[in-house]
Amino acid sequence: MAFKDIELNMGPQHPSTHGVLRLKLTVDNEVVLKVEPVIGYLHRGMEKLWENLTYTQIVPLTDRLDYLAALSNNLAFALTVEKLAGIEVPKRGRYIRIVLAELQRLASHLAWAGFMANDIGAMSVLLYGFEAREDILDVFEEYIGARLTVHGIRIGGVPRDLDEALVSRIRGVLSGIPRRLKDIRALLDENRIWKQRTVGIGLISAAEALDFGLTGPALRASGVNWDLRKSIPYSSYDEMDFDVPLGSRGDVYDRYLVRMAEIEQSIRIVNQALDKLPPGEFMAKVPRVLKIAPGQVFQTIEAPKGVLGFTIKSNGTDKPERVKMKSPSFINLQSLEHMCRGNLFSDVVGILGSMDIVLGEIDK
Amino acid sequence: MSPAVSDFVIPVAKIAAVILYPMVMVVVMIWLERRVVALIQGRLGPNRVGFQGILQPVADAVKLFFKEDIIPRQADKLLFNLAPILVMFSSLLAFCFVPLGEPLRIGSYTLTLWIAESPVGLLIVLGLSSISVFGVIFGGWASNSKYPLMGALRSVVQVLSYEIPTGLTVLSVVFFARSMDMVEIVRRQEAAHIWYGFMLPVSFVVFWISAVAETNRAPFDLPEAESELVAGYHTEYSGMKFAYFYMAEYTHMVLASSLVVILFFGGWLPPFPGVKFLAFLHAVPGFVWYLIKIMFFLYLYVWIRATFPRYRFDSLIKLVWKWLIPLSLINLLAVVAVRYLL
């Protein structure tokens, strides 16, 4: 039976395209020749929408971009507006932001571990990852009242202080994560089948990764030491002591190991931030109607998925003239075809899973 | 006993039992699988319908009965309808040859707990379980859709490859028992005072791996790999036809576990036959021992599924052609040599 140069449609309704991504695959039997991502099924016209909203109204909408890491989006947008308006966030506010952003990174990475393992068929890991993530979402719920679209970082600081009870609760949650991480790693790290499915699959070299503009854990798995928390520190990250885990080969297995190591580092950062939590205000004085003089800035942060940046152009009113978003998932998705070509059809789901994309952020 | 009873009532009852017994096991297995996987994953699983959710599969079946039966417009109607029947029929028919326990004595009448005892019973069972591959091919091909077709192609290659080590390891048992009659194989293990699983450990391991692969279960569930092929060869099926495929998978698991128990773990025989102070184990009916043993292997199926990631197609084929087939060939040669010398 000839099964050559056949076009295979994967998605937008497919169990492992992580939302509404559609891939047009050209396969020769099971070998992938071409991958063409078709995006836009979740397009909500966010950037245009933001031009008609005030700066403070935009922040909750950024929750809906990368919905697995709402706080990172809040942080990136708030930092950009603060840079544009010249608002200085108090030190305590900056530290609480670090705590929230790193908890969000933990939640995002744990969910990713589950999704990716499930794509490769290790179904139990999904639940182990989600169980750990659930505790973090409970912390968010106690802090601000929401779990997924958190809206926990405001322009000028954070909406609530971290009291003693919440600090000890966060510490409790953090102490529970290593045990679950151990469960996941015991099931996967040295598993022969897992290694057969991930080692040497979806290779991308450091030079190629840089050419494609790959960012985040996927870039670091190729061995490029580029973490904005270290390279261009923002929000007091320069006062934290942590390592940047790096891979060497740039395959799916390295991307898995890098994210697993990042989970450990994030726990370290949160504990440090809680230890050093300075006294004082947590919110800067921000005028109720925030009007910003004409200007344009670009600000980036290291979101769980990669480098997330906003460009805001202001025109003197309380609404931005134009907001442009640099979303990590969108840019990382470009390299999918390069990673998949020549691999088997079964590996496409694994490679796609290892990239950690979120369609809310790609389609905006 | 009157001839009417022994010639008519009992055979009909046995036929009903052979259809009912796998069905009951399927219901138990679906429930057990969902509960055990849930508990391994730190969830509760279905626990609302009936005691601890035991009636959940029944509720699911009722739901599936009322589902719309969709036949895709471009599908080949005849083969599309034939496929689920073929899959179900072949696995149910094989149970005719599976001895469930020791013959029971009722007065002068001996009630055998199998329908047919054939000198080539094992061969027939292996043949019947291969027929189900046709159901899978027909199902995937007749759907006229790409994902089911890929699932069906994978299934053909997989099941045909794994038939070879299955056959070779069964042969090693046959050489030892000098019979292809499953009742006889159990009797020989009784006489030898040792189960073949302990005598032929390599055969047992290879047979068990192949049995998992032939039933398309995780980690070898490539034909229906949900994250890649949506639902594999039965993607286009709905309602009761889907339920047929689903039940056939579990029936096959029960059949494979039965074969493992009969060939390698003494069928209905109680454990520790030679130990004096454990003689009370013989008081337990053989059927119960058989059930306990197959439940162990069915549990193993579930445990494996909850633990391992899925194999990729090429490494799956490499595993069988590079490791299992050479291993079972060497094993067979060794068994024949030992048997000849003894």
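Let me start with one residue. Asp60(B) has a relative accessible area of 24%, so Asp60(B) is partly exposed. One caution: this is a predicted model.

Who is the partner of Asp60(B)? Asp60(B) forms a salt bridge with Arg34(B). The closest N and O atoms of the two are 3.0 Å apart.

Next, a network. Salt bridges with shared partners join Glu102(A), Arg105(A), Arg220(A), Asp227(A), Arg229(A), Glu262(A) and Glu302(A). Those residues make one network.

How many salt bridges are there over all chains? The count comes to 39. As a reminder, side chains of opposite charge can pair when their charged atoms come close.

Take Glu239(A) and Lys91(A) first. Their closest N and O atoms are 3.7 Å apart, and the two form a salt bridge. That pair links distant parts of the chain, 148 residues apart. Glu239(A) lies in the loop between helix 10 (228–231) and helix 11 (252–275) of chain A. Lys91(A) lies in helix 4 of chain A, residues 91–120. Glu239(A) is partly exposed, at a relative accessible area of 30%. Lys91(A) is partly exposed as well, at 39%.

Now Asp63(A) and Arg64(A). Their side chains meet in a salt bridge, at 3.9 Å from N to O. Are these two residues buried or exposed? Asp63(A) has 0% relative accessibility and therefore counts as buried. Arg64(A) is at 35%, so Arg64(A) counts as partly exposed.

Last topic: the sheet. Chain A has an open sheet of 3 strands. The order is 1-2-3, and the pairing is antiparallel. Which strands stand at the edges? They are strand 1 (6–10) and strand 3 (31–38) of chain A. Each has a single partner strand, so one side of each has no neighbour in the sheet. On average, neighbouring strands of this sheet are turned by 25° against each other, direction ignored.

A closer look at one pairing. Strand 2 of chain A, residues 22–28, pairs with strand 3 of chain A over 7 bridges, in the antiparallel sense. Asp28(A) stands opposite Val31(A), which is in strand 3 of chain A. In general, strands of a sheet pair through backbone hydrogen bonds.

Key: Residues numbered from 1 in each chain as written. Chains lettered and ligands numbered in written order. Predicted model: local features only at pLDDT ≥ 70, side-chain atom pairs only at ≥ 80, totals over all residues. Heavy atoms only, no water. Pairing = 2+ DSSP bridges. Helix = DSSP H or I, 4+ residues; strand = E, 2+ residues; numbered from the N terminus. Axes fitted to C-alpha atoms, helices over the stretch in contact; angles between N-to-C directions. Salt bridge = Lys/Arg side-chain N within 4 Å of Asp/Glu carboxyl O. Buried < 20%, exposed > 50% of the residue type's maximum accessible area, 1.4 Å probe, protein only.
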